[in-house]
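Hi,

Here is the model I said I would pass on. Have a look at it first, and my notes on the helix packing and a few single residues follow below.

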Amino acid sequence: AAWEVAVGVEPDEGPAAAERFLALQLDLSVFASADRASSVHFDLGRAFTQGGGDRDREALDHLDRADRIAPIRVRRDPITRELVGELDRRARNRQWTLDSLRHRVGLP
């Protein structure tokens, strides 16, 4: 199920793949490593960002979780800056979580 999300974001089918994954109601603590759990949250954040603004809150939540679990991996990934920048451009109101994440990944 986690791989389906990772693969689903490549052809811009992220939101549908994320919904299928979340419908399974899996406990992400089943992953043996923090890096793997972070990767799943990162992929879910990326998937929801593809929703065109409808799922930005969920995207932000998952990206924040991914960063808190494995900050070095997430902050060094160039896609992270793109995703956070996109969420920032679409934000209608300032959000503490978005501002914090933007700062953590080095965006002005």
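Let's start with a crossing: α3 passes α4 in a left-handed way, where left-handed means that the near helix is turned anticlockwise from the far one by less than a right angle, and right-handed that it is turned clockwise. Before I go on, some housekeeping. This is a predicted model, with pLDDT of at least 70 needed for local features and 80 or more for side-chain atom pairs to count, while totals for chains, interfaces and linings use all residues. Residues are numbered from 1 along each chain as its sequence is written, and side-chain values use heavy atoms, with hydrogens and water left out. The helix names come from DSSP runs numbered from the N terminus (H or I, at least four residues, for helices; E, at least two, for strands).

Back to that pair. Helix α3 covers residues 34-49 and helix α4 residues 56-69, and they pack at an angle of about 160° with their axes 7 Å apart. The axes are lines fitted to C-alpha atoms, for helices over the stretch in contact, and the angles run from 0 to 180 degrees between N-to-C directions. That angle makes α3 roughly antiparallel to α4; the cut-offs are under 35 degrees for roughly parallel, over 145 for roughly antiparallel, 65 to 115 for roughly perpendicular, and oblique for the rest. From α3 the contact (heavy atoms within 4.5 Å) takes in A34, A37, S38, H41, F42, L44, G45, R46, F48 and T49, and from α4 it takes in D56, E58, A59, H62, L63, R65, A66 and I69. Sorted by class, the residues of the contact of α3 with α4 are 9 nonpolar, 5 polar and 4 charged. Here Ala, Val, Leu, Ile, Met, Phe, Trp, Tyr, Cys and Pro count as nonpolar, Asp, Glu, Lys and Arg as charged, and the others, Gly among them, as polar.

α3 also packs on helix α6 (residues 78-90), at an angle of about 40° and with the axes 11 Å apart. α3 and α6 are therefore oblique to each other, and their crossing is left-handed. On the α3 side you will find F42, R46 and T49, which meet I79, T80, L83, E86, L87 and R90 in α6. The contact of α3 with α6 has 4 nonpolar, 2 polar and 3 charged residues.

Next, α4 and α7. Their axes come within 10 Å and cross at roughly 45°, which makes α4 oblique to α7. This crossing of α4 and α7 is left-handed too. R57, L60, L63, D64, D67 and R68 are the α4 residues, and they meet W96, T97, L98, L101 and R104 in α7.

Now for α2. Which of its residues are buried? In α2, G14, A17, A18 and F21 are buried, with buried meaning under 20% relative accessible area, exposed over 50%, and partly exposed in between (1.4 Å probe, protein chains only). These residues cover an arc of only 100° around the axis, so they sit on the same side of α2; the arc is that of the directions from the helix axis to the C-beta atoms. The buried residues of α2 pack against α1 and α3.

- V40 lies in helix α3 and counts as buried at 3% relative accessibility. Leaving aside neighbours within four places in sequence, V40 is in contact with A2, F21, L28 and F31.
- D56 is in helix α4 and is buried, with a relative accessible area of 14%. Not counting residues up to four places away in sequence, D56 touches F48, L87 and R90.
- R102 belongs to helix α7 (residues 96-104). R102 is buried, with a relative accessible area of 17%, and its contacts, leaving aside neighbours within four places in sequence, are V84, D88, R94, L107 and P108.
- D12 sits in the loop between α1 (2-8) and α2 (14-23). D12 has phi near 60°, a positive value in a residue other than glycine, and is exposed, with a relative accessible area of 59%.

Cheers
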